[in-house]
There are 2 protein chains.
Amino acid sequence: MASATLDVVGIGNAIVDILAHTDDGFLLREGLQKGSMTLIDAERSNALYEKIGPAVECSGGSAANTLAGIAALGGRAGYIGKVADDEFGRLFRHDIRAAGVAFETPAALDGAPTARSLVLVTPDAQRTMNTYLGISVELGPEDVEPGVIAEASITYLEGYLWDLPRAKEAFRQALAIAHRNGRRVALTLSDAFCVERSREEFLDLVERHVDILFANEAEIASLYQVTGFDEALQKVRGHCEIAALTRSEKGAVIVGNDEIHIVDAANIGPVVDTTGAGDLFASGFLYGLSHGFDLARSGRLGALAAAEVIGHLGARPEVPLAPFIEQSAL
Amino acid sequence: MASATLDVVGIGNAIVDILAHTDDGFLLREGLQKGSMTLIDAERSNALYEKIGPAVECSGGSAANTLAGIAALGGRAGYIGKVADDEFGRLFRHDIRAAGVAFETPAALDGAPTARSLVLVTPDAQRTMNTYLGISVELGPEDVEPGVIAEASITYLEGYLWDLPRAKEAFRQALAIAHRNGRRVALTLSDAFCVERSREEFLDLVERHVDILFANEAEIASLYQVTGFDEALQKVRGHCEIAALTRSEKGAVIVGNDEIHIVDAANIGPVVDTTGAGDLFASGFLYGLSHGFDLARSGRLGALAAAEVIGHLGARPEVPLAPFIEQSAL
């Protein structure tokens, strides 16, 4: 096996976030479930946008945020995702490259616009996402550069891709290339509703194909159709080589063969916006694994990276995260 | 004279701000003068964008920020400016309307893209702007709705318009309509370099056409080609019905016929980003004048609105400003 030239390559929906403050009443009136991600069409996206207040735009996308975090840690990061040849596409490309992530997927020259997510931030710092996938649904196997996957120590995949037939094909292809080259594959379940839509397939993926699983409490409970966290934990043991289960302010539980580690949440400061907490936990954890850190230290690095991103508005780190690497060893 | 249905209508360059953090070394290497606004072409805009780090986008434009502030105070506000039929144009329109400002100028269906300004924020909270005017240069007299100007108590014009031949025509037309209808016209000098480019014309405007002048220290010194603030102050007395001269942390000096008022800066909290301080001072001052407040109270309202906007990143208020109205009476 050749040595890896990338630590992690991620595949995901390339999305521009449109962030606006709102209140619980608005979510209620619009029938939006707080904290969830809902897929919406262009028409609903436009109608909802008309109703929200002044907004701020920045690059997002779950896996893209994770890779930006890996680059902020000093890791070698690559990204695969589909944007359109429009202003949002250009700003997505600018931001991820400016963050230090290699991104070469060509823009689609026609079709739908670049994907956007209306991120509604309530006063309790929770975010409710309404995503119009636009051109990102055109991501397909032809966008998966075999050389890039083969040269990455870990390939990281968004569960969100499972909502799209061509992206699912791209996902399966990346998985096959990675394993053929002796690399590891990581998956995040992304969202409890996303799990619900494809539970059987996710169960098969987790048990037979994926080496590293990321899930929060709602997602892992949805996968195994249980209600308590401990129940889910018992199910996941033995089903997956490594699982990182995140629990918001309760920290995370890391499961790996016979090992089990409790990682407390890092307490850095006040919580401003929880957007990106899971994405950045994955940054730290994957950076750790790809650098040979043990599970506990990788988990601590994840917790530190997550703590930075919830301290400000937006889902990508605002400062270099490399100082956390030493801290995670303690 | 019919009673006004709008307190203030503003005419300006409709711009989307692209905000990124940078340092003094970058400004030096790129030959950028800290705190200034430089006009750049599309090519330079793209080249500079390539060099800056990850960014955040939000609606800007000096007069547009001022009108958003007037709406945040509860005033009746309108705006005239040119955007393209592109994503930045749509987000500019969304944000200004969502802020409560009437905005009906039709988008240009072809030509250059919506204007954008690369706003480089240094650690000292100063911002250095690099503006590609794009389609905003197409703003012309045909965009100035005579009915809107006639029905606004005050028409507010950006000095920046003076850099563009067709916008200058639009400016002159708005001025004539306003005065024909017994309304007042306000002008901000916008930028010291802008003043330098058209000094003779600005002197004529200030002395003969404009009722309310806004300028900061550098701008008023450039207008009268003097070095000290007091010298400029002596020049401006008698040249203009009302002048509001802003001095950053030193507050403002308001001149009106025989009156002269010293308005101290409002101290609300730490300064995060000075972008929009002058724009929001104008919001408070114009809201005051259009509601019959005296000069001192109008100035205090300006200082309060400015203090809110420098407390966070971005040039538009984040909270309703109406509570300041009562405070300004004290």
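Ala243(B) stands opposite Val255(B) in strand E13 of chain B, and this pair belongs to the antiparallel arrangement in which 5 bridges join strand E12 (residues 242-246) of chain B to strand E13 (residues 252-256) of chain B. Helices (H or I, at least four residues) and strands (E, at least two) are DSSP runs, numbered from the N terminus, and two strands pair if DSSP finds at least two bridges between them. The structure is a predicted model, in which local features need pLDDT of at least 70 and side-chain atom pairs count only at pLDDT 80 or more, while totals for chains, interfaces and linings use all residues. Residues are numbered from 1 along each chain as its sequence is written, and chains are lettered from A and ligands numbered from 1 in the order in which they are written.

**The sheet of chain B**

Both E12 and E13 are part of an open sheet of 9 strands with mixed pairing, in the order E6-E5-E1-E9-E10-E11-E12-E13-E14 (chain B). Its edges are strand E6 (101-103) and strand E14 (259-263) of chain B, each of which pairs on one side only. On average, neighbouring strands of this sheet are turned by 20° against each other, direction ignored. Helix H11 (residues 277-290) of chain B packs on the sheet, where strand E1 (6-11) and strand E9 (152-158) are among the strands touched, and the direction of H11 makes about 160° with that of E9(B). Axes here are lines fitted to C-alpha atoms, for helices over the stretch in contact, with angles running from 0 to 180 degrees between N-to-C directions; residues are in contact if their C-beta atoms, placed from the backbone, lie within 7 Å.

Strand E2 (residues 15-21) of chain B is mostly covered, with 6 of its 7 residues buried. A residue counts as buried if 20 or more other C-beta atoms lie within 10 Å of its own, as exposed if 12 or fewer do, and as partly exposed in between, with C-beta atoms placed from the backbone.

| Strands | Sense | Bridges | Opposite residues |
|---|---|---|---|
| E2(B) and E7(B) (residues 115-121) | parallel | 7 | Ile15(B) and Ala115(B) |
| E2(B) and E4(B) (residues 56-59) | antiparallel | 4 | Leu19(B) and Val56(B) |
| E12(B) and E13(B) | antiparallel | 5 | Ala243(B) and Val255(B) |

**How the chains meet**

In the interface, 18 residues of chain A are in contact with 18 residues of chain B. Strand E4 (56-59) and helix H4 (87-98) of chain A are the elements that give two or more residues to the side of chain A that touches chain B, and the largest share, 6 residues, comes from H4(A). Because 100% of the interface residues of chain A are also interface residues in chain B, the copies meet through the same surface.

A rotation of 180° with 0.0 Å of shift along its axis superposes chain A on chain B (RMSD 0.0 Å), which is the relation of a two-fold axis. The superposition is by least squares on the C-alpha atoms of residues with pLDDT of at least 70 in both copies. Of the residues of chain A, Glu57(A) comes closest to the rotation axis, at 2.4 Å (C-alpha).

**An exposed glutamate**

Glu43(B) lies in helix H2 (residues 42-51) of chain B and is exposed, with 9 other C-beta atoms within 10 Å. The C-alpha atoms of Glu43(B) and Tyr132(B) are separated by 9.2 Å, although these residues are 89 residues apart along the chain.

Methods: Two residues are in contact if their C-beta atoms, placed from the backbone, lie within 7 Å.
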